[in-house]
Amino acid sequence: MVETQEEENVYNWDVMEIGHTATPLTVEVTKERIANYAKSVRDDNPIFFDEAAAKAAGFDGIVAPPTMLYVYSPMRRAEIMNGLGYVSPEQSKEARSTPFAGTEVMFQGVPVLAGDTITSQPAVDRKWESSSGNRFVSFRIIATNQRGEKVVEYLYNVIWEYAQGQKSRNG
Amino acid sequence: MAIQAATASYVSIQVGDELPSIQKTETQETIDDYTRLIVNREAPAIGTNLHTDQRFADAGIFAGTVNYGVVTCSFMMELLQKAFPTPNLLRSTLDMRALEPIRSGDTVTFTGKVLEKREEGGQHLVDVEVTGTNQLGQSVAAGRASVPF
């Protein structure tokens with residue numbers, strides 16, 4: 001239970017600890033999911049749709065677009081917070097956003113192919129305050145395939161809170 | 001001439017070389033389309049967000065809906081794939097920062113340039129910068145990739 005009728009328990013800067021994590025998530029990467037992702041980001045590279053084209057490019061089958069990592073190994077910040085008994089700022093009654101600030105991706109040389117099963121786990125990696133007073137949080141996500149090979153590791157940075165005077169109510 | 005993935009090699013690439021450019025236009029429909037890829041898993045969190053919840057987004061810091069930052073990252077990767085072989089990119093690193101929101105109706109041109117060639121840990125690396133610029137001339141995203149050869 002993450003909330004009572006009188007008061008909700010919103011995850012905040014003070015309770016946030018490095019290493020807070022969610023349960024692992026396993027996602028099957030299918031041809032259909034790869035095609036849907038590629039269409040969504042409007043990338044028509046045939047190696048994402050056509051087996052022959054993927055093989056001609058040196059892969060064993062249809063390959064997932066590199067940045068599909070955000071779909072098959074998502075950051076899942078809300079699940080981290082919910083698992084600890086809190087609601088996320090976005091889920092709270094006085095909802096506010098924690099906008100994307102940037103990402104750092106470290107590919108591991110292991111392509112993700114149609115038919116692979118990817119398991120990932122996110123964790124709070126770092127929190128810091130800029131000189132202007134804005135607060136940032138970095139989540140680290142590590143993803144492995146069904147053979148236990150790490151396929152990608154990435155950081156997903158958000159603006160947790162703007163300094164006073166720099167945001168509107170929901171900012 | 002811009003670097004092409006089919007012919008790119010560590011020897012052929014020179015500092016200052018440009019990457020092919022691409023243009024991407026976001027609409028509320030394309031933003032909603034991406035949401036459908038993830039909504040099944042995070043429905044509670046997706047309910048209130050800067051991407052599809054117009055009223056919430058209008059009252060927020062960007063005063064309107066914006067695209068997903070990770071989609072902007074995917075545009076940068078698509079640009080890199082035009083310049084470098086995908087197997088090389090699957091061993092690369094990419095560090096990307098969001099600078100300005102990309103809104104429905106925005107058209108962003110992504111360009112890139114080779115900054116440096118170097119050797120590290122027995123690998124040849126090509127460092128490139130990638131920039132996204134909207135129709136108003138504003139830089140909306142900046143990235144730096146290191147591609148091994």
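Here is what I looked up, entry by entry.

**Ground rules.** I'm working from a predicted model, where local features need pLDDT of at least 70, side-chain atom pairs count only at pLDDT 80 or more, and totals for chains, interfaces and linings use all residues. Residues are numbered from 1 along each chain as its sequence is written, and chains are lettered from A and ligands numbered from 1 in the order in which they are written.

**Interface.** I counted contacts (C-beta atoms, placed from the backbone, within 7 Å): 39 residues of chain A touch 36 of chain B. On the chain A side, β2(A) gives the largest share, 8 residues.

**Strand pairing.** I then followed β2(A) across to β2 (93-98) of chain B: the two run antiparallel, joined by 5 bridges. Strands pair when DSSP finds at least two bridges between them. A:Gly102 has B:Arg97 as its bridge partner.

**A:Val87.** I found this residue in the loop between α4 (77-83) and β2 (100-107) of chain A. Is A:Val87 buried or exposed? It counts as buried because 20 C-beta neighbours lie inside 10 Å; the cut-offs are 20 or more other C-beta atoms within 10 Å for buried, 12 or fewer for exposed, and partly exposed in between. A:Val10 is 77 residues away in sequence, yet the C-alpha atoms are 4.9 Å apart.

**A:Leu69.** Beyond neighbours within four places in sequence, I see A:Leu69 in contact with A:Val105, A:Ala143, A:Val152 and A:Tyr154.

Notes:
Helices (H or I, at least four residues) and strands (E, at least two) are DSSP runs, numbered from the N terminus. Two residues are in contact if their C-beta atoms, placed from the backbone, lie within 7 Å.
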